[in-house]
Structures are given as structure tokens and as C-alpha cells.
Amino acid sequence: MSIREIDEKTLDFILEASKSAHPNEFVGILRSEKNKITEILVLPGTHTSEQSAFMNIYMLPILSHACGSVHSHPSSNPNPSQNDLTFFDKFGEIHIITANPYDGDSWKAFNRRGKEVKLKVFRPEKNPTSEDEPWKKFWD
Ligand SMILES: [Zn+2]
């Protein structure tokens with residue numbers, strides 16, 4: 001099943017966590033329910049520095065519903081590095097990268113081959129209509 005959406009509050013959490021980790025990288029695991037990202041896990045043993053983020057992927061088999069990863073780039077470039085692409089290919093279906101200044105426009109999602117994927121931001125309070133979907137402005 002492919003991931004199509006992310007909960008607004010989950011995205012907010014990612015952006016806040018990225019901001020507070022700055023100038024270091026924030027790293028976490030994405031969890032999903034059905035086709036929507038709903039939760040972030042920060043793994044024990046995760047080490048971050050200004051240069052790189054290392055995630056202990058040997059912890060992953062114990063996690064259920066893990067669908068991919070998220071990490072931040074303290075630069076303003078949200079595109080994957082060569083190391084990121086190598087990691088994406090080993091694990092998960094979807095990978096989010098946030099970049100400075102970590103606002104609603106400074107993140108991207110990629111599939112395991114490093115191709116950009118468009119995720120819809122799910123806002124539960126609102127009944128989405130075709131005229132009133134703020135994410136549409138961003139993606140269209
Ligand atoms: Zn990266």
C-alpha cells in the first residue's frame with residue numbers, strides 16, 4: 001500500500017523537532033496507518049551531529065508499522081544526498097527531508113528510489129473541499 005498523506009500534527013511535530021535540533025540533524029522513523037503517516041518514533045541509539053545523522057537500523061525489526069524515515073538538513077536544501085539515497089533504498093517506502101527554515105514549504109518526500117513524492121497534508125478538523133485545500137496551492 002502506498003503512503004499518500006501525512007497528518008498535519010505529525011508534520012508540525014517533524015518541523016518543530018527539526019527546528020529544535022538545529023544546527024544538528026533530527027532523525028526519526030515514520031509510522032503509518034493505512035496510507036497515512038500518523039506518528040514519529042525517535043530510536044534509541046540515534047546519534048546526530050552537524051555533519052551527519054546515524055540511525056541504528058538494527059532496531060527496526062522490532063517496530064511495527066514503520067514505513068520510512070524522516071531527517072532534517074540544517075542547510076536549506078531538502079534534496080537527498082548520496083548517503084541518503086543509499087539509506088532510502090535499504091529501508092522503507094517513504095522518506096521525508098526537512099530543511100532550514102523548517103516551515104510548511106521547506107520539506108519534501110521521496111520514495112525509496114529517491115524520486116519526489118507528493119504527500120497530502122491531512123487536516124482532520126476541516127472538511128476538505130476542492131476550493132479550500134491550502135496544500136493545493138503548494139503542490140499544484
Ligand atoms: Zn540527508
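## Helix 1

On one side of helix 1, Asp12, Glu16 and Ser20 are exposed (12 or fewer other C-beta atoms within 10 Å of the residue's own, with C-beta atoms placed from the backbone). Thr10, Leu11, Ile14 and Ser18 of helix 1 are buried (20 or more such atoms; residues in between count as partly exposed). These four cover an arc of only 100 degrees around the axis, so they lie on the same side of helix 1; the arc is that of the directions from the helix axis to the C-beta atoms. An α-helix has 3.6 residues a turn, so residues three or four places apart point the same way.

The buried residues of helix 1 pack against strand 1 (5-7), strand 3, strand 6, strand 7 and strand 10 (120-122). The 14 residues of helix 1 should span 20 Å at 1.5 Å a residue, and the end C-alpha atoms are 20 Å apart, which agrees. The expected span is 1.5 Å times one less than the number of residues.

## Model and overall layout

The model is predicted: local features need pLDDT of at least 70 and side-chain atom pairs count only at pLDDT 80 or more, while totals for chains, interfaces and linings use all residues. Residues are numbered from 1 along each chain as its sequence is written.

The protein chain has three helices and 10 strands. Helices (H or I, at least four residues) and strands (E, at least two) are DSSP runs, numbered from the N terminus. Their order from the N terminus is β-α-β-β-β-β-β-α-β-β-β-β-α. Buried residues make up 28% of the 140 residues in the protein chain. Of the contacts between residues at least 6 apart in sequence, 63% join residues at least 24 apart; a contact requires C-beta atoms, placed from the backbone, within 7 Å.

Strand 2 is mostly covered, with five of its seven residues buried. Strand 2 runs antiparallel to strand 6, joined by five bridges, and antiparallel to strand 3 (residues 36-41), also by five bridges. Two strands pair if DSSP finds at least two bridges between them. On the strand 6 side, Val27 has His71 as its bridge partner and Arg31 has Ala66. On the strand 3 side, Ile29 stands opposite Leu41. The hairpin of strand 2 and strand 3 has two residues between the strands, and Lys34 there takes a positive phi near 55 degrees.

In strand 6, eight of eight residues are buried. Six bridges join strand 6 to strand 7, and the two run parallel. The chain crosses between them through helix 2, and this β-α-β crossover is right-handed: with the strands pointing away from the viewer, the path from the first strand over the helix to the second runs clockwise. Ser72 stands opposite Thr98 in strand 7.

## Nonpolar core

The largest nonpolar core has 19 residues, and those with the most contacts inside it are Leu30, Ile37, Cys67, Ile94, Ile96 and Ala109. Such a core is a set of buried Ala, Val, Leu, Ile, Met, Phe, Trp, Tyr and Cys residues joined through C-beta atoms within 7 Å. Two or more residues each come from helix 1 (8-21), strand 2 (27-33), strand 6 (66-73), helix 2 (82-90), strand 7 (94-99) and strand 8 (107-111). Leu30 touches Ile37, Ile40, Cys67, Gly68, Ser69, Val70, Ile94 and Ile96, not counting residues up to four places away in sequence.

## Gln82

Gln82 lies in helix 2. Gln82 is exposed because 8 other C-beta atoms lie within 10 Å. Gln82 and Gly114 are 32 residues apart in sequence and 9.7 Å apart in space, C-alpha to C-alpha.

Notes
Contact = placed C-beta atoms within 7 Å.
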